[in-house]
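The following report goes through one complex, taking its chains, its interfaces and some local packing in turn. Please keep the sequence and the structure at hand while reading.

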Amino acid sequence: MSTSRALRQSFALRAGSTGFLVIWCLIAAFPIVWIAVMSFKSPVDAFASNPIDVLLGPETRAQGKGLTLIDILLGLTLLWASIKMAMNWLPGKVEAFTPKDWLLIGWLVGAGAFALAFLVVFFGILPRVTGGLNALLGLEPIIGVSSEHYIAVWVENAFYRNFLNSLLVTTGVVTVSLTVGTLAGYGLARSGSNIAFWILIIALIFRALPHSVLVAGYLPVFINSAEILRPILGENAPTLYGQPLAVIAVLVSINQPFTIWMLRSFFQNIPAELDEAARVDGCTHFQAFRWVIMPVMWPGVITTGLFSFLLAYNDFLVTSLLLDAQNQTMVPAIAGYFNRETTTTDQVEAVAAAVSITAPLFLLVMIFQRQIVSGLTAGAVKG
Amino acid sequence: MKIRHIAIAGAMSLIGSAGWAACSFENTTTIKSLTAGFEAWKSVTDAMAECGNVEAELDQEFRTKQPAAFATNPSLYQIGGVSNGTVTPLLNEGTIRPLDDLVARYGANLKPNQLIKIDGQTMAVAMMVNTQHLMYRSDIFADLGLEVPSTYDEVLAAAEKIKEAGVVDYPLGGTMKSGWNLAQDFNNMFLGYGGGFVNEDKTPAVNSEAGVKALNMMKALSAYMDPEYLVSDSTYVQQQFQQGKIAMANLWASRAGAMDDAAESQVVGKVETAAAPLAMAGGTPATTLWWDGIVLAKNMSDEEADAAFRVAMEGLDTEMVTGANDQAIWLIEGYQPGRLATGAIATATASPAPLPYPSTTEMGLMHTALGNNLPDFFTGAKSAEEALAAVEAEYLTAAKEAGIVE
Amino acid sequence: MKFKTFAAFVGPSIFLMLVFIAAPLISVFMQSFYLTQPVLQAVEVETCTPGFLTQTCTTEIKNQPILDEAGKVVTRTEFVGLQSYRNVLEPEAAWAAISSGRIGQLLTIDFWKALRFTLTFTLITLPLVIGLGLALALAVNNAAKAIRGQVIFITLLPFIITPVIGALSIRWLFIGDGILTAGLEWWLARDISMFAQGWTIELLMLFYRVWHVAPFAFVVFYAGLQTVNQDTLESAIIDGASRWERLRYVIIPHLMPLIIFISLIHLMDSYRVFEEIVGFSAQAHRISLQWLTYDLLTPDDSGNRSISRASASAMLTMIGIVILLIPLLRRTWADHKGAGH
């Protein structure tokens, strides 16, 4: 597109819009950056009312935990390089190495491997390198930083178990939600009947329901499910309470209305001639769906999948009530730090846990950012 | 799935191999417990886990889950952790079992004081007591030449002096977060003024002279508090103490230990405890007594109950108390009251003694109604009488629904 | 598409929604007209509880449920019609307040207080979210290509962060002498307590919601901007349309379906506002409709919960959201008719 004179912007407009973006970015990032800073300090520093104390952490430094200039410089460089890599290099590699139908799996594997490599380099190799350099140059720490809360959370409190549970629940929700949702979305997009319309409207009203009402209704049924189902299933009737599978089913259902609306509008933007042609060639609806539609539907599915992921990963109401301790996911586990009897240390540990669970979300957005925009552009919400 | 199983198996075997030496028997029955999640419970369930095959669930939603989970057959948990408030639904629905024969067989180390008896039957075994009492900064009191207050009028006088001296941000702290905490603060003061919550026929009786006096005293106290007192719970008050922002508060005994925690507190050694102040001369200290303890589910086999009780006894033994002495005011043999336990013991042994928190269905309804309606008095939307009338109206609606009042 | 094929495609989805959404909804609807109580009997009970050294025993008359042979509580269920709705709405007290012209008094009744807050919350955040989202989308679209990626990334952060944690992170900045409150105090040279009065808490909740949701509006609008017809824009420029006129007559109409989409989602989500109330401990000053339902459902220490009143309050919330959605639903209906099937 050639930039004509009229499209060129005046200086005032340019400055105004840049200034606006800068202010917004500060507001958007500040609370999150701030809790990340808090999580590395001793409790006294973390809740100090002077921001300089929180930043520099004098108490933490007094305990002999801190970073030298070299640590900071190397750390920041590495962080910057990884962000660049995740945004520019990784998407290309993933697309090059995975067959088209396996793109979603390819992405998951790629993102996982990248996260693991980052953790090993950042927490395994980097401290050794900088430790050597510091000893060599005789540098003193200038900023108080301590990873004790992270160690307490991940090692002592076995937070990795919650992480694995979250992984199980989110993977389950995304997979089932997309499978069921794409089928329904396709059916709804290709049927102009009144039934399809009313299903959509009812789904919309379901989406508006307050969740606490639904969830409170599940608890007694889930706890007593063995007794309720015994007449039907005999002695093998399961107790649904505490079962990740049951929670997956609940989360999928709660999210179904949004999923089918979203996917329906994606499918509406895929020309109907495409599958009609396949049907003329003798395919059934299912075959047409499998061989003609599936290859071209990925942008929409990835975008919708991301929203399902966010819902399952961030859910608190359903998971806290319906899962027992052995299967607890991360968000309710963090809320557990804030119950009736907590100490300041517990709170900082909760902050550290909160920052840890935000990290995978960071990575996800870094990698999928373009897919979100291009997916939405491809037509999610045009209809 | 597989990785997860391996990880859990690994964690379990770690617990297992470290264990058994400390437990007097090897437990082979799977025992699950559902309790609240504070430090004392952590120590108790860790000690139970040493016997092997114990899965402890420390859950902030236990109040919601416990009644339903114990009502199933077989019960989803064998051991439950309760306090005098939360034992009520289990007692009402008959889902916990009498423990007398088990106590006779395995409870040789229990003190008679620990056995919670309902109509002569032991229904629960208590492990600790908790109460709200006065904590104060002894250094500030010494500097200003103040006496430790024993009544709330003296508390107000001391607060005024501290305010004039300007040594702290706010002379007083209060656990007055709207909802449960605020209602509990009212309960303390109301009982201190000799009030009774319900009449014989279970109709409400809080809109009384004692109720109005209690509210006015709380309002007078709140003038010396952080203006954000309606969002301040016990953790917040504890932090205010630790950061040296307040000089006095009526705070839970279980919070006292945190004052001497060097990693969090800037006032190590400067906080002392004393008996809960009186609201009126000759009355009881304006507070309530609480206990925490264990119950066993009814819906399980006698063999399981046997194993569960033995495991629980391991959790409540002297060895556990020695390792966690300052986490609570333990009732268990071997507890050595520390410096900070003075206030709790003085409160519990006061004469006339403070009442235990009443564990009745009506009290549950009343507590909720108080928590929902009292904030209107403190924000100035209603007078004391209007707020208490609203409490009574909400209580009546709920009591009619529950079938308590016709 | 034949009905059978259609049913096969949508079947699993419908099944899940019926079991996990429609069934609980119907049971909530029924429960709002019935009242289930345990059958009680008055018993004299002696309770002995520990002091520090000795026990205290009290004897009192307690109302205890009767248990049947299987050990279950005997209950009776009766039809109470609209009584639960009356208990929630408190029409007499509300009418007395209105007829005496004391609106302040009306707003001390839980339901009306919650309705007032929920409605203002929804209607104030709606234009803010759309406006901010649109402004961000235009600004990012204007920005140099090189920095767009980073800006989009930062912008999306408030949206993806776990809501409970997002709310807490903002709460920590302001509660007590949180650093932003301390900063404000220093700047304005006066004592500020953000959590001491209702309107400041309400302000914080509004801010949090806009901060959290505007990025979603942004990313949808930004995607929409990528599909603006360049030819139309060019011809508008040739016709001498100013930047403002192009925005007003070309871009906004193009984005209209998206604006409606965002409004729909936002109306539904903010009408069931809940996390903010808990995250900012606003209960003393501000409550919302979903919080009211949640509070009625949460058992107290004695295990009581007001199922009937909670069901009634949930149904009233439902009715409210349907009323709010009607204008948008009518438009969808018109589109469906217009699509000519």
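What percentage of the 383 residues of chain A count as buried? In this predicted model, the buried share of the 383 residues of chain A is 43%. The secondary structure of chain A consists of 18 helices and two strands, and its C-alpha atoms fill a box of roughly 80 × 75 × 40 Å along the principal axes. When contacts in chain A between residues at least 6 apart in sequence are considered, 76% of them join residues at least 24 apart.

**Confidence**

For the complex, the predictor gives an ipTM of 0.81 and a pTM of 0.83. Chain C has a mean pLDDT of 82, with 98% of its residues at 70 or more. Within chain C, confidence is lowest in helix H4 (residues 103-106), where the mean is 75, and highest in helix H5 (residues 110-142), at 89. Where pLDDT is low, predicted coordinates should not be read in detail.

**Interfaces of chain C**

The contact between chain C and chain A takes 73 residues from chain C and 72 residues from chain A. On the side of chain C that touches chain A, helix H1 (residues 3-31) of chain C gives the most, with 15 residues, and by class this side has 55 nonpolar, 16 polar and two charged residues.

The contact between chain B and chain C draws 55 residues from chain B and 45 residues from chain C. Helix H14 (residues 361-373) of chain B supplies six residues, the largest share of the side of chain B that touches chain C, and that side divides into 24 nonpolar, 20 polar and eleven charged residues. Strands also link these two chains: strand E4 (residues 115-118) of chain B and strand E2 (residues 40-50) of chain C run antiparallel and are joined by two bridges, with Thr47(C) in E2(C) as the bridge partner of Ile118(B).

**Local packing in chain B**

Helix H14(B) also packs within its own chain: its axis and that of helix H8 (residues 180-192) of chain B come within 8 Å and cross at roughly 110 degrees. That angle makes H8(B) roughly perpendicular to H14(B). The contact is formed by Trp180(B), Leu182(B), Ala183(B) and Phe186(B) of H8(B), together with His367(B), Leu370(B) and Gly371(B) of H14(B); by class, these residues are five nonpolar, two polar and no charged.

Strand E9 (residues 289-296) of chain B is largely enclosed by the rest of the structure, because eight of its eight residues are buried. Both of its faces are covered, with Leu289(B), Trp291(B), Gly293(B) and Val295(B) buried on one side and Trp290(B), Asp292(B), Ile294(B) and Leu296(B) buried on the other.

| Strand paired with E9(B) | Bridges | Example of bridge partners |
|---|---|---|
| E3(B), residues 79-83 | five bridges | Gly80(B) with Val295(B) |
| E5(B), residues 121-137 | six bridges | Met128(B) with Asp292(B) |

Helix H2 (residues 39-49) of chain B has eight of its eleven residues buried, so H2(B) too is largely enclosed by the rest of the structure. The buried residues of H2(B) are Ala40(B), Trp41(B), Ser43(B), Val44(B), Thr45(B), Ala47(B), Met48(B) and Ala49(B).

Key
Residues are numbered from 1 along each chain as its sequence is written. Chains are lettered from A and ligands numbered from 1 in the order in which they are written. This is a predicted model: local features need pLDDT of at least 70, side-chain atom pairs count only at pLDDT 80 or more; totals for chains, interfaces and linings use all residues. Two residues are in contact if their C-beta atoms, placed from the backbone, lie within 7 Å. Helices (H or I, at least four residues) and strands (E, at least two) are DSSP runs, numbered from the N terminus. Ala, Val, Leu, Ile, Met, Phe, Trp, Tyr, Cys and Pro count as nonpolar, Asp, Glu, Lys and Arg as charged, and the others, Gly among them, as polar. Two strands pair if DSSP finds at least two bridges between them. A residue is buried if 20 or more other C-beta atoms lie within 10 Å of its own, exposed if 12 or fewer, and partly exposed in between; C-beta atoms are placed from the backbone. pLDDT is the predictor's confidence in each residue, from 0 to 100. Axes are lines fitted to C-alpha atoms, for helices over the stretch in contact, and angles run from 0 to 180 degrees between N-to-C directions. Angles under 35 degrees count as roughly parallel, over 145 as roughly antiparallel, 65 to 115 as roughly perpendicular and the rest as oblique.
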